[in-house]
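Hi everyone, thanks for coming. Please have a look at the structure on the screen, and then I'll walk you through a few parts of it.

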Amino acid sequence: MQGVLPTLVPESRTREVTRAVRTELGGVTWVRHPTSDYTPLERLGREVYIRDGCWYCHSQYVRPVAGEAARWGPVSEAGEYAWDQPHLLSTRRIGPDLSRVGLKYADDWHYAHLWNPRLVVPESIMPSFRWLFDVVVVPVHREGETVRLEATPALARYFSMDRSKPVVLFPDESGLTFVAPRPDGALPIDGMPTLDLAHLGGRAPATGALRLVIPGRQTVALVHYLQKLGTSRGIWRDVFEPQNPPVTAIQVADGQEAVARGRAVYERRCIGCHGARGDGNGRAATFLSPRPRDFTTAVFKFRTTPSGTLPTDGDLYRTVTRGVRWTGMPTWHEVPEADRRAVIAYIKTFSPRWREEPRPAAATLPPPPPPTAELLARGRELYRSAKCYECHGDGGKGDGPSAAQLRDDFERPIRPTDFTRGQFKAGAGVADVFRALTLGLDGTPMPSFGDALTDEERWAIAYHVLSLSAWADPLTGEKVPH
Amino acid sequence: MSAAAEAATRNDALLNPPLIRAWLAWGLAWLLIFPTVGAIVSLKFNRPELLDGVAWLSFGRLRPIHVNGVIWGAFSTLFIGLCHYVVPRLTGVRLWREEGNWWLLAVWNLNLALGVVLLALGWNRGWEAGELPLPTVIVLFLALVWLTVQFLVTIARRTSPPLYVSLWYLIAAFVWTDVNLVLLMLGPDSIPGINNAAWHGLFIHYVVGLWITPAGYVLIYFFLPAAVRNPIYSHKLSLIGFWSLAFFYPFVGIHHYLYSPIADWAETIAIVSSMMLIIPVWTVLQNFFGTMAGRWHEFPQNLPAKFLIVGSVLYLIGCFQGSIEALRTVQRPTHFTDFVVGHSHITIFGTFVVWAIAGTVYVWPRLHGAPLWSRAVGSWSFWLIIVGISAMFVVLTLQGVFQGLSLMAGTEWHDSVGAIRPYWWVRTITGLGMDVGISLLVVNLMKTSLARRVA
């Protein structure tokens with residue numbers, strides 16, 4: 001009886017939701033827009049989510065009360081569930097709500113977390129979903145300077161063994177070695193597995209064999225499903241205030257008390273990836289690409305300070321708060337502000353640079369000019385003439401001619417940002433893009449264009465870069481019709 | 001009306017003791033297993049590495065086994081077994097085609113076992129408390145339809161026209177649940193969108209309100225007057241209780257999804273009907289306590305009555321909590337927390353399983369023509385079960401309120417979880433205590449059977 005009544009209301013059958021989209025001029029606006037069905041892979045992932053009971057501990061709706069809209073994100077709307085059958089609202093939160101988890105973490109974080117949640121979250125009580133992974137034990141041999149995996153038949157089942165396409169693996173000290181799956185989860189993975197042991201001082205793990213952990217197709221599907229959740233609301237994250245702290249000039253107290261508190265915070269929340277020594281070799285690191293930041297070098301991408309210098313406390317605070325999109329670094333906006341400040345004091349103990357080098361002042365950047373069609377056209381031209389496309393690609397997909405060869409300052413492969421998805425690591429405002437262009441991203445191949453281009457030229461490029469994700473779905477990069 | 005008290009000592013020849021014993025024995029076996037699954041699962045909250053990394057031992061696979069197992073295994077098997085005792089007693093005729101129920105018992109148990117295996121393998125339909133794989137739901141449905149027909153025919157052949165209140169509830173429970181299982185067969189896969197949740201809210205509360213609740217009333221309305229040899233306190237109250245249950249229960253389901261995108265007015269109707277449930281609950285309870293009048297002095301020695309009356313006290317508490325839990329103000333902090341888990345445990349176990357235990361403790365010795373083997377062991381199981389479930393309820397409820405309020409105050413997620421972990425130890429310990437109590441009870445009943453055989 002009472003099931004019938006609400007069903008009669010047309011709103012309960014709507015497929016439309018309000019969606020945050022970027023406009024051609026770089027702003028963000030909310031529009032009514034239909035949601036899309038799950039892809040076959042996402043649908044398979046949803047079946048795994050039901051089968052393994054993820055929904056017993058993770059709800060999928062954000063209520064308009066109890067501060068949930070400031071914790072998880074926008075309040076849920078009926079249209080978000082249009083393709084759900086059965087529904088997965090759930091009645092219990094033993095873990096966090098997942099209706100806004102899409103694109104909060106990169107895929108590799110999810111693989112680490114599913115393999116063993118305590119790798120990334122030491123105090124997690126979630127089960128380990130080991131059965132979602134294939135484990136292959138492969139002996140290793142030293143040949144002169146290099147350590148190689150033995151080409152066992154088992155290995156050949158998982159890789160095409162094409163020598164021209166190295167697949168770089170980063171084993172951890174125990175021999176645990178994550179292998180990133182193909183995007184469709186099928187096998188074999190195209191390429192030849194090769195080892196990077198720099199983080200282990202060049203030595204192979206003492207075990208003499210590596211345990212390769214390879215997500216199965218169902219696991220890939222599950223992660224696809226998780227990444228889809230909430231993305232029908234578009235780029236809501238870019239207008240979600242708690243995750244978008246402004247650039248500030250805050251100073252963190254770094255007395256002993258703050259460092260001790262920061263250490264406690266670090267050991268609960270950061271140690272899984274960044275490691276006890278702060279060198280980016282945490283237990284989860286083998287899963288993560290890009291690898292977690294090595295704090296012992298004190299090289300940071302996102303700064304308001306000149307290229308090559310230390311960031312301000314405010315810069316670190318902003319990165320910790322908003323996270324780094326499309327990587328394993330999530331947003332930490334829920335953590336008390338005092339904890340976020342304290343952890344910065346602790347992070348600064350890992351490198352002597354913080355004691356030895358002067359603290360540069362934040363560069364003062366001019367306010368953005370208003371966006372105009374001319375400025376955008378100019379930006380499009382400059383994007384070519386300044387050779388942005390070489391790495392980021394003509395269409396901004398991060399697939400430029402030199403993209404595949406890029407390495408960071410630590411000689412690890414690094415991928416250029418795909419602008420078409422609108423997931424900007426340093427912030428999604430035009431000033432954020434302008435700042436990255438002006439000051440560069442330390443430790444990466446992204447240089448500073450502060451001298452090579454004028455302010456106006458950099459504003460033009462910044463607006464153009466933002467326009468590449470206009471009306472784009474943040475998950476697929478495809479344009480939504482409007 | 002004194003039908004139950006009178007019926008309790010008549011129509012002995014109409015019973016089929018071996019058949020009743022078999023149903024009850026299987027009910028007790030499931031009662032040993034499925035609550036224990038819950039206790040094991042609860043350990044994982046504090047020791048996640050326990051039995052970790054193995055699919056069929058993971059929380060997501062064991063939880064539906066615990067929930068469906070307690071509903072359809074522990075409670076329902078005992079209930080159906082006791083119906084075999086109650087119906088001939090009240091109708092004055094043998095159960096129509098009762099020999100078929102030996103087969104039914106076999107099918108019922110195999111179906112449950114199959115359901116457990118398939119759930120462990122990950123066959124899950126995605127509706128909470130309705131996870132059982134479709135083939136097992138179909139068998140369950142056919143089994144209940146058979147029982148419905150069987151009981152209806154038997155009741156139609158009754159020797160005297162008046163229909164005692166237990167039989168109203170029995171008819172209602174079976175007929176409503178047949179319909180509800182049709183909803184379960186179709187619902188998860190054929191209603192898209194947010195309405196799927198609206199229908200699921202309906203289903204899940206029908207299981208509780210239109211199966212377990214009336215089934216429990218069948219038992220207490222029969223066994224309480226029988227155990228204390230008193231007529232039922234008020235026939236009028238029975239009428240009010242029955243019709244208010246029938247009228248309000250169909251509307252409450254959506255209180256499981258308040259503040260969701262389901263229409264606000266539908267949520268409001270669910271809240272109002274949830275509050276109105278105070279009427280059936282308080283009237284039936286008044287009837288039960290009234291039935292005790294003049295018999296309280298025997299109470300300490302009367303184990304079935306102890307289980308029935310203490311189960312009723314827990315019912316008063318659990319249902320009052322349930323009604324206020326539906327209020328928006330209360331849901332703001334408590335929804336999604338163990339407050340709700342506390343509610344479901346005190347009602348399903350603390351009341352209905354406890355009533356089913358009471359009926360079993362009443363019937364079992366009478367089937368054997370022997371007294372209960374040990375009064376002391378009976379007391380131990382009573383106290384372990386009652387103290388266990390009560391403490392579990394208090395701890396889960398408080399912890400739910402604490403976590404909810406702390407989240408409302410903006411506490412970070414993991415900080416809010418870390419703070420409640422000690423309480424989860426108490427839940428595990430109380431759960432194990434209840435398991436020990438149930439085990440002692442089963443030992444007691446087995447000894448009763450053996451003592452009879454020796455004699």
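This is a predicted model: local features need pLDDT of at least 70, side-chain atom pairs count only at pLDDT 80 or more; totals for chains, interfaces and linings use all residues.

Residues are numbered from 1 along each chain as its sequence is written, while chains are lettered from A and ligands numbered from 1 in the order in which they are written.

Let's start where the two chains meet. Chain B brings 55 residues to the contact and chain A brings 47 residues; two residues are in contact if their C-beta atoms, placed from the backbone, lie within 7 Å. On the side of chain B that touches chain A, the largest share, eight residues, is from α7(B). Helices here are DSSP runs of H or I with at least four residues, strands are runs of E with at least two, and both are numbered from the N terminus. By class, that side of chain B has 31 nonpolar, 16 polar and eight charged residues. Nonpolar covers Ala, Val, Leu, Ile, Met, Phe, Trp, Tyr, Cys and Pro, charged covers Asp, Glu, Lys and Arg, and the others, Gly among them, are polar.

Now to a helix in chain A. α7(A) spans residues 217–228, and eleven of its twelve residues are buried. Buried means 20 or more other C-beta atoms within 10 Å of the residue's own, exposed means 12 or fewer, and partly exposed is in between, with C-beta atoms placed from the backbone. Among the buried ones are A:V220, A:H224 and A:K228. What do the buried residues of α7(A) pack against? Their partners are α2 (40–51), α4 (107–115), β3 (133–143) and β8 (209–215) of chain A. After the helix comes A:G230, with a positive phi near 85°.

Finally, the backbone. Most residues other than glycine have a negative phi, and most peptide bonds are trans. Chain A has a cis peptide bond between A:Q85 and A:P86, with omega about 0°, and another cis bond joins A:L187 and A:P188, with omega about -5°.

A:E411 is not a glycine, yet its phi is positive, about 65°. B:F336, also not a glycine, has a positive phi of about 75°.

How values were computed: The expected span of a helix is 1.5 Å times one less than its number of residues.
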